[in-house]
Amino acid sequence: MPVSRRTLAAAALCLALPLSACGSGGDGGGSTDASGKVEGDITFQTWNLRANFKDYFEGVIADFEKKYPDTHVKWVDQPAEGYADKISADAAGGTLPDVVNVSPDLVAPLAKAGLALDLDKAAAKYEKEYLAGAWASHRIPGMTGTYAFPWYLNTGPLFYNKSLFKKAGLDAEKPPKTYDELFADALELAKKSDGKVATLANVPTIEDFGRYGVELMNKQGTAFTFNDAKGVQMLAKYKELYDAKALDPQALTATPESSGRKFLTEAVAMNPGSALDLGNFKKQAPNLYKNIGITDQITSTGHVNMYVMGVMVNSKTRHTPAAVAFAHFVTDAEHQMSFAKKVAIFPSTAGSLDDPYFTKEDGTDETRVRIAAAKSLKDAVNYTPVLFSEQMKTALRNEVAKALQGKESPKAALDNAVKQCNTLLQQQG
């Protein structure tokens, strides 16, 4: 299931499309009018969901076909590996399914190629049913329109080790809420432990710059701008942490799994996580578990980061009313809520996060984390720009590493990263 996958490469997708498709629109094909009779055969493609949720999706499809007897939905499910390549091949070959499970970065090249239906034109009446931040997550800088229905969301709180905070003389009941507090506490923890305890295990990513309040892109979507004064300030602070061993020395090569192990062994004081992690702590590290604190993601903007999946309608479908109706049906409040009760995700529909399932404590760890995450999602933002590809993430990570190691100044590192990312952006078409 792609919940844990942040995004896939969008650049590769557009590069694989015909050159004519990387312009402002495609030729021929379907209609933007979704007001006609809901009828016809459509194909619905999901992303690595059949193995665990076969009965759920077959039930949703049966309910839709019962509601609209003149429709038939064929469900296909693609593996996680190579999903972007599969969409690319279908887009280039004219075989893209009518309704497609996408992430925002996969929507961008399809929208630019004229292959994603603009829901602001075809389905604007549904916008109010979704959280504003979720609906906006499938908008493309430099273009007008919204190109997918928001589907499930994910986010996670920060876990922190109360015992390590206490040992450093910090108030374990008052974890850092701002970046200034985080940096101050991290330096204190490193100092009091003689560099044996780091607070963070990961280098900053593009979403961290977003949470810090850095302007990541210009409004036209034509250039990245995260090398501004605020961006440089943040990287300089991380350099200070790295030098003081308040940032784990192995952060340059860390993965979510390795960072999790560091937290599990109490070598790191804070780490993002989920209800699943909490269960693992209980089994594998009972001493850590009894000292676990849960707090919100650190942000300077007042908005946490969220990951979002969407359901796109192929603009070339021959059955626009049926495709739009089905995409909305899958993502409406009733079905999102039922899906959220089967897996640790969150609905993007307005009001759903006020359901007792997301607000009422029952004494379990799973509910405790679910409530904390749901509360923060109501006004969360998908900070990762939809045009920010895997290649760009690698370029940023490499330059951040050079800055932390002292091979470049923070300013030079971010200038170089922005230059590389803007070159890659131009290649996307």
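Biologist: Which residue has its charged end over the ring of Tyr357, 5.5 Å from the centre?

Modeller: Keep in mind that this is a predicted model. A charge counts as over a ring if NZ of Lys or CZ of Arg is within 6 Å of the ring centre and within 35 degrees of the ring normal. Arg370 has its charged end over Tyr357 too, 3.7 Å from the ring centre. The one at 5.5 Å is Lys341.

Biologist: How are the rings of Phe64 and Phe326 arranged?

Modeller: The whole structure holds 31 aromatic pairs. In this one, the ring centres are 5.0 Å apart and the planes stand at 75 degrees. Planes over 60 degrees apart get their own label, so the Phe64 and Phe326 pair is edge-to-face.

Biologist: And how many residues apart are those two in the chain?

Modeller: Phe64 sits in helix H2 and Phe326 in helix H14, so to speak distant parts of the chain. Both residues are buried, and ring pairs link them into a cluster that includes Trp75 and Phe339. Their separation is 262 residues.

Biologist: Is Ala136 buried or partly exposed?

Modeller: Ala136 is found in helix H6. Buried would take under 20% relative accessible area. Ala136 has 29% relative accessibility, so it counts as partly exposed.

How values were computed: Residues are numbered from 1 along each chain as its sequence is written. This is a predicted model: local features need pLDDT of at least 70, side-chain atom pairs count only at pLDDT 80 or more; totals for chains, interfaces and linings use all residues. Side-chain values use heavy atoms; hydrogens and water are left out. Helices (H or I, at least four residues) and strands (E, at least two) are DSSP runs, numbered from the N terminus. Buried means under 20% relative accessible area, exposed over 50%, partly exposed in between (1.4 Å probe, protein chains only). Rings of Phe, Tyr and Trp (its six-membered ring) pair if their centres lie within 6.5 Å; planes under 30 degrees apart count as stacked, over 60 as edge-to-face and the rest as tilted.
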